[in-house]
Amino acid sequence: MTTDHDHEACRALFEKLSEYIDGETDEVTCAAIKAHMKACPCCITCLETLKRTVGFCEGVPEEPMPKEFSRKLRETLRHLPVSP
Amino acid sequence: MATKPRNKVIDNDTPLIIAIQGGQGARFEELVTRYEGKLYNFGLRICKDPSDAEDLVQETFIGIFRYIQDFRQETKFKNWMYRIATSVCHRMRRRSKYAPERELSLDEFLPGDHAEIDTELPDWAAMPIHQVLNHELGEHLKASVKELPPQYRLVLVLRDMEGFSTEETANILGITATNVKVRLHRARLFVREELKGYFS
């Protein structure tokens, strides 16, 4: 499927997509992106896959810290020469 | 002309920091308990291997221990701690044999024309996150982040994994907010390309 509107508009908005996802674009840009998305399925895919990338990054679980390292860390800090 | 004193930032860490600065050095271990896990995971996301992550945690706490008397609460303690951690990263990088810094160009990620873009939303972007983000994908994602050039990796990890705002990330890294936004966008596009490869 292709669209018949100006591809240059996609390129211009492309570099603003992260700011748009983060709610950091100005009102004019935000409105321009919203209007463009209504007419451009390609840019919707682009936006949604980028949003999902951010969602995955935010959702990666933390790993437990090795207990042995935690013990060694405390031991090292206890023996530092000057106390805070 | 005298400079105007900055407002102090008060948060949950403030009472503990004031106590330590006031002579209760034994309570430093409470700071370690509070943040060792966060810093360790930050290290895992930034460094090449777990032993480097452990070095980062240890060096960061040593830095905090040394300089905590200089902390003036002009920012959150956590942000100050990450500033120390990122400077440890830079120091470790200079000591190591990492590849030289590489710039990511926006052009690398621009689709050539519409014919190259699938207008159907792929399943991995359409399904609920919890149904897609399993252990294997998480590991692949972390590996992808490590492929980013360091200046982009730090921004992406601080913004999208550690949860700092654009302004906070700029302050931690000592760069402008505009620079954070530019690096973050390119880093996200890079990781998205890796994800596309994983799912294809």
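Is B:Glu29 buried, partly exposed or exposed, and what is its relative accessible area? B:Glu29 is partly exposed, with a relative accessible area of 31%. Here buried means under 20% relative accessible area, exposed means over 50% and partly exposed lies in between, with a 1.4 Å probe and protein chains only.

The model is predicted: local features need pLDDT of at least 70, side-chain atom pairs count only at pLDDT 80 or more, and totals for chains, interfaces and linings use all residues. Residues are numbered from 1 along each chain as its sequence is written, chains are lettered from A and ligands numbered from 1 in the order in which they are written, and side-chain values use heavy atoms, with hydrogens and water left out.

**Chain A**

Chain A holds five helices and zero strands, in the order α-α-α-α-α along the sequence. Helices (H or I, at least four residues) and strands (E, at least two) are DSSP runs, numbered from the N terminus. Of the 84 residues in chain A, 44% are buried. Among contacts in chain A with a separation of 6 or more, 56% are between residues 24 or more positions apart; contact means heavy atoms within 4.5 Å.

**The interface of chain B and chain A**

The contact involves 60 residues from chain B and 48 residues from chain A. The size of an interface is often given as the accessible area lost when the parts come together. Chain B and chain A bury about 4,900 Å² between them, with 65% of it on carbon and sulfur atoms. Buried area is the accessible area (1.4 Å probe) that two parts lose on being put together, summed over both.

Between chain B and chain A there are 20 residue pairs in polar contact, both residues at pLDDT 80 or more. A polar contact is a pair of N or O atoms within 3.5 Å; within protein, one must be able to donate a hydrogen and the other to accept it, and residues adjacent in sequence count only if both atoms are side-chain atoms. On the side of chain B that touches chain A, H2(B) gives the most, with eleven residues. The residues of that side of chain B divide into 34 nonpolar, eleven polar and 15 charged. In this division Ala, Val, Leu, Ile, Met, Phe, Trp, Tyr, Cys and Pro count as nonpolar, Asp, Glu, Lys and Arg as charged, and the others, Gly among them, as polar.

**Salt bridges**

A salt bridge is a side-chain nitrogen of Lys or Arg within 4 Å of a carboxyl oxygen of Asp or Glu. The whole structure has 23 salt bridges over all chains, and the count between chain B and chain A is nine. The table gives some examples.

| Residue | Partner | N to O distance |
|---|---|---|
| A:Arg74 | B:Glu36 | 2.8 Å |
| B:Glu29 | A:Arg74 | 3.1 Å |
| B:Lys38 | A:Glu62 | 3.1 Å |
| B:Glu162 | B:Lys38 | 3.6 Å |

A:Arg74 is buried, at 13% relative accessibility. B:Lys38 is partly exposed at 22%, and A:Glu62 is partly exposed at 40%.

**B:Arg188**

B:Arg188 lies in helix H10 of chain B and is buried, with a relative accessible area of 1%. Its side chain makes a polar contact of 3.2 Å with the side chain of A:Ser18. Leaving aside neighbours within four places in sequence, B:Arg188 is in contact with residues including A:Ile21, A:Asp22, A:Leu50, B:Leu156 and B:Asp160.

**The two domains of chain B**

Chain B is divided into domain 1 (14–95) and domain 2 (122–199), with bounds from an automatic or database domain assignment. The centres of the two domains of chain B, taken over C-alpha atoms, are 23 Å apart. In chain B, 16 residues of domain 1 are in contact with 14 residues of domain 2. Domain 1 and domain 2 of chain B bury about 1,500 Å² between them, 57% of it on carbon and sulfur atoms. B:Arg45, B:Ile46 and B:Asn79 supply 39% of the area that domain 1 of chain B buries against domain 2 of chain B, more than any other three residues.

The interface of these two domains of chain B has three salt bridges and seven residue pairs in polar contact, both residues at pLDDT 80 or more.
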